[in-house]
Amino acid sequence: MQIKILTIGGTIDKVYYDALSDYRIGEPAATELLAQAGVSCQYSIESLLRKDSLEMDAHDRALIRDHIEADTCRHIVITHGTDTMVDTARALQALNDRTIVLTGAMQPARFRDSDAAFNLGGAVALAQTLPAGVYIFMNGRVFNPEHTIKNRAAGQFQVST
C-alpha cells in the first residue's frame with residue numbers, strides 16, 4: 001500500500017528566521033519526521049503548496065482537490081496549517097473513493113515540544129486503516145470535518161455542537 005503525503009505548509013513546516021525575527025514556511029518536515037521514526041510503509045512526499053493556512057483561499061483548495069483527483073493513490077495524508085484545516089477537509093469531502101487524513105501541528109516540527117511527530121504518525125497509520133472518506137487527526141483524536149472546530153483558546157480541535 002502506497003501512501004501519498006501532500007505538504008501544504010502551515011505551522012508544522014515553519015522555520016524561524018533569526019535575522020528576520022519571524023517564521024516562514026520551510027522544507028516539508030514530514031521528510032525528516034518519517035525518516036527519524038523509521039517508517040517502513042511505502043510512501044512518497046510531495047510539496048504542493050507552502051502557505052500559512054490563513055492565506056489559503058478557494059482557489060488553493062480547488063488546486064488541492066484537483067491534484068488529489070488526478071492522482072491514482074488511494075491513501076493520502078495532508079499536512080496543513082491548523083487554522084483552516086477544517087475548511088480544506090470539507091472542500092475535499094466529495095473525494096470519497098479514497099482515504100484522506102489531514103493533520104498538522106500547533107508548534108513547528110522543529111520545536112522540541114511539538115506535536116508534529118505524533119500527529120503525522122497517527123495520520124499515516126489512519127490512512128492505512130480507515131475506510132474511504134476525509135478525516136482530521138489532531139490531539140490524538142479522529143474527527144469528521146463536518147462536526148469539527150479548532151478551539152484557538154484551548155489550543156485543540158473539538159467536536160462542534
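In this predicted model, 6 strands form an open sheet of mixed pairing, in the order β4-β1-β5-β6-β7-β8. Helices (H or I, at least four residues) and strands (E, at least two) are DSSP runs, numbered from the N terminus, and two strands pair if DSSP finds at least two bridges between them. The edges are held by β4 (42-51) and β8 (141-143); each has a single partner strand, so one side of each is left without a neighbour in the sheet. From one strand to the next, the twist averages 25 degrees, where axes are lines fitted to C-alpha atoms, for helices over the stretch in contact, and angles run from 0 to 180 degrees between N-to-C directions.

Within the sheet, β5 (residues 75-79) and β6 (residues 99-103) run parallel and are joined by 5 bridges. I76 has I100 in β6 as its bridge partner.

Two helices pack on this sheet, with contact meaning heavy atoms within 4.5 Å. Helix α2 (residues 58-70) touches β1 (2-9), β4, β5 and β6, and its direction makes about 160 degrees with that of β4. Helix α4 (residues 116-129) touches β1, β5, β6, β7 (133-138) and β8, and its direction makes about 170 degrees with that of β6.

The loop between β6 and α4 contains F111. This residue counts as partly exposed because its relative accessibility is 33%; buried means under 20% relative accessible area, exposed over 50%, and partly exposed in between (1.4 Å probe, protein chains only). F111 and A132 lie 21 residues apart in sequence and 33 Å apart in space, C-alpha to C-alpha.

Residues are numbered from 1 along each chain as its sequence is written, and side-chain values use heavy atoms, with hydrogens and water left out. Because the model is predicted, local features need pLDDT of at least 70 and side-chain atom pairs count only at pLDDT 80 or more, whereas totals for chains, interfaces and linings use all residues.
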